[in-house]
Amino acid sequence: VPRENVSAAHLTLSLEENAYGFLNQSLKHYRKTSRNVQEWPFALLHIVQSLELLLKRVLETINPILIYKDIDETKPEKHTVSLEQALSRLENLKVPIEEKERQIIRRAALKRNLVVHYRFELNKFESKKIYAQLFEFLHFFHHKHLKTDLHPHIARDNWGVEARLMSFFRKNFVIYNGVEV
């Protein structure tokens with residue numbers, strides 16, 4: 001977080017900075033999952049929250065009003081779009097989002113909703129695959145839609161886990177006829 005946005009009693013974060021904060025917190029939780037399965041819900045929750053904020057950031061780059069659920073209300077205390085609404089709004093604006101991207105975003109929303117609003121059942125191997133896919137997708141989405149690399153926004157103490165996740169993804173996911181399997 002840039003120093004000018006932080007003081008002893010005040011913090012101001014942009015959508016992007018907030019997204020990176022959630023991503024880095026997610027990676028911290030992920031690092032602990034091998035020792036404590038209770039960390040999984042937080043790792044998943046925070047990575048999906050990061051994704052939602054990045055979708056809103058793409059909307060904001062088009063027009064800042066687009067992040068609001070009701071575009072006639074621009075007050076910060078008013079509600080912003082949900083993950084699903086952000087996806088729908090981007091599609092309506094003809095932002096090029098492929099079917100595979102839609103599927104990943106919708107599955108992420110479903111997983112987050114189960115963690116937050118219902119019952120979360122854990123299969124640690126499945127959770128690791130989902131997490132690695134979401135992490136790789138964040139890199140892809142950030143590069144495609146925000147035109148920059150995500151790595152510089154990952155805290156140095158998370159670089160090792162970033163490398164391991166990317167390696168895990170490459171070893172466990174194959175592109176066959178343009179589809180991840």
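Okay, let's start with a term: a residue is buried when its relative accessible area is under 20%, exposed when that is over 50%, and partly exposed in between, using a 1.4 Å probe and protein chains only. By that rule, R112 is buried, and so is E52.

Before going on, a word on what we have here. This is a predicted model, where local features need pLDDT of at least 70 and side-chain atom pairs count only at pLDDT 80 or more, while totals for chains, interfaces and linings use all residues. Residues are numbered from 1 along each chain as its sequence is written, and side-chain values use heavy atoms, with hydrogens and water left out.

Side chains of opposite charge can pair when their charged atoms come close. For a salt bridge, the rule is a side-chain nitrogen of Lys or Arg within 4 Å of a carboxyl oxygen of Asp or Glu. How many salt bridges does that rule give? The count is 10.

Back to R112 and E52, then. Their side chains form a salt bridge, 2.6 Å from N to O. R112 sits in helix α4 (residues 99-117) and E52 in helix α2, so this pair ties together parts that are 60 residues apart in sequence. When I say helix, I mean a DSSP run of H or I with at least four residues, numbered from the N terminus.

E52 has another partner, K56: the closest N and O atoms of that salt bridge are 3.0 Å apart. Both K56 and E52 belong to helix α2 (residues 40-62), and they are four residues apart, about one turn of the helix. Buried or exposed? K56 is buried, with a relative accessible area of 6%, and E52 is buried too, at 7%.

D157 pairs with R31, and their closest N and O atoms are 3.8 Å apart. Since D157 lies in the loop between α5 (124-146) and α6 (159-172), and R31 in helix α1 (residues 15-32), the pair ties together parts that are 126 residues apart in sequence. Here D157 is partly exposed, with a relative accessible area of 47%, and R31 also counts as partly exposed, at 30%.

On to the rings. Rings of Phe, Tyr and Trp (for Trp, the six-membered ring) pair if their centres lie within 6.5 Å; planes under 30 degrees apart are stacked, over 60 edge-to-face, and the rest tilted. Across the whole structure, the search finds five aromatic pairs.

One of them is Y30 with W40: the ring centres are 5.6 Å apart and the planes at 80°, so we call the pair edge-to-face. Y30 lies in helix α1 and W40 in helix α2, so the pair ties together parts 10 residues apart in sequence. Y30 and W40 are both buried.

Y30 also pairs with Y131, and that one is stacked, with 4.6 Å centre to centre and 10° between the planes. Y131 is in helix α5 and Y30 in helix α1, so parts that are 101 residues apart in sequence are tied together. Y30 counts as buried at 10% relative accessibility, while Y131 is buried at 0%. Put together, Y30, W40 and Y131 form one aromatic cluster.

Terms used. Helices (H or I, at least four residues) and strands (E, at least two) are DSSP runs, numbered from the N terminus.
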